[in-house]
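Visitor: Hello! I am new to this structure and would like to learn how to read it. Could you show it to me and walk me through its features?

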Amino acid sequence: MTTPRAIVIGCSAGGLTALQRLLPGIDPRLALPVVICCHTGSADVSILVSLLDRYATLPVVEAAERAPVDPGVVHVAPSGYHLLVEPNLHFSLSVDAKVAYARPSIDVLFETAADAWQEGLVAVLLTGANSDGAQGLVAVRRAGGYVIVQDPLTAEADAMPLAGLEAAGADACLSLDAIATRLNELCLP
């Protein structure tokens, strides 16, 4: 694998709990952008951002239209919009139709991030109750990126990790607690 340049994380049902366990394990020296798409069902993602900011070792912000994808920051997809990573490594927001019944869609984030970072992308698919993210993982693998899927046996809802494994396989299928360790191993100099 080439040197990682960015991390994307997708989750749905059980995602808040999973992120509250994952983010504290990320080394605070991590100098890569981390972009999260979490299905919340809420009209406002600011509560999720402030909750995650309490646990994370890196600052957590809501991703905004045309904002740069900053390294060393956790960016969270806003509610009601697809979050896209443009080739110039800035965000754009879209109100296109839902994908896999979701907006924001993990597939949309992963696919655009794979286009932007190619083999420098690390994609993580966590707990969730639908198949969103599976096709995104296919795009990440096709671009040469590295795929981590939460072990379905450790997921609060196993449908999402199972769909991801079935569609794309994984470079690593790990328990939640082992994922942060693997990210640190991959992404720290």
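Guide: Gladly. Accessible areas come from the Shrake-Rupley method with a 1.4 Å probe. In this predicted model, the accessible surface of the protein comes to about 7900 Å², and 51% of that belongs to carbon and sulfur atoms.

Visitor: What share of the 189 residues counts as buried?

Guide: Buried means under 20% relative accessible area. Here 56% of the 189 residues fall in that group.

Visitor: How many helices and strands make up the secondary structure?

Guide: There are six helices and nine strands. The radius of gyration is 14 Å, close to the 16 Å that the globule rule gives for 189 residues, so the protein is as compact as a globular protein of that length. Along its principal axes, the C-alpha trace spans about 35 × 35 × 30 Å.

Visitor: How should I read a sheet?

Guide: Start with the general idea: strands of a sheet pair through backbone hydrogen bonds, either parallel or antiparallel. In this protein, seven strands form an open sheet with parallel pairing, in the order E3-E4-E2-E1-E7-E8-E9. Strand E3 (60-62) and strand E9 (172-174) are the edge strands, each pairing on one side only. On average, neighbouring strands of this sheet are turned by 20° against each other, direction ignored.

Visitor: Which helix packs on the sheet, touching E9?

Guide: That is helix H6 (residues 176-187). Besides E9, H6 touches strand E1 (6-11), strand E7 (121-125) and strand E8 (146-150). The direction of H6 makes about 165° with that of E8.

Visitor: Which residues are buried in helix H1?

Guide: In H1 (residues 15-22), the buried ones are Gly15, Ala18, Leu19, Gln20 and Leu22. Their cover includes E1, E2, helix H2 (46-55) and H6.

Visitor: Let us look at one pair of strands. How many bridges link E2 and E4?

Guide: Strand E2 (residues 34-38) and strand E4 (residues 74-76) pair in the parallel sense over three bridges. For example, valine 34 has valine 74 in E4 as its bridge partner.

Visitor: Histidine 75 is also in strand E4. Is histidine 75 buried or exposed?

Guide: Remember the cut-off: buried means under 20%. Histidine 75 has 2% relative accessibility, so it counts as buried. Leaving out residues up to four places away in sequence, histidine 75 touches several others, including Val34, Ile36, Val61 and Phe91. A polar atom of the histidine 75 side chain also lies 3.1 Å from the backbone oxygen of aspartate 70.

Terms used. Residues are numbered from 1 along each chain as its sequence is written. This is a predicted model: local features need pLDDT of at least 70, side-chain atom pairs count only at pLDDT 80 or more; totals for chains, interfaces and linings use all residues. Side-chain values use heavy atoms; hydrogens and water are left out. Two strands pair if DSSP finds at least two bridges between them. Helices (H or I, at least four residues) and strands (E, at least two) are DSSP runs, numbered from the N terminus. Axes are lines fitted to C-alpha atoms, for helices over the stretch in contact, and angles run from 0 to 180 degrees between N-to-C directions. Contact means heavy atoms within 4.5 Å. Buried means under 20% relative accessible area, exposed over 50%, partly exposed in between (1.4 Å probe, protein chains only). The radius of gyration is taken over C-alpha atoms; the globule rule is 2.2 Å times the number of residues to the power 0.38. A polar contact is a pair of N or O atoms within 3.5 Å; within protein, one must be able to donate a hydrogen and the other to accept it, and residues adjacent in sequence count only if both atoms are side-chain atoms.
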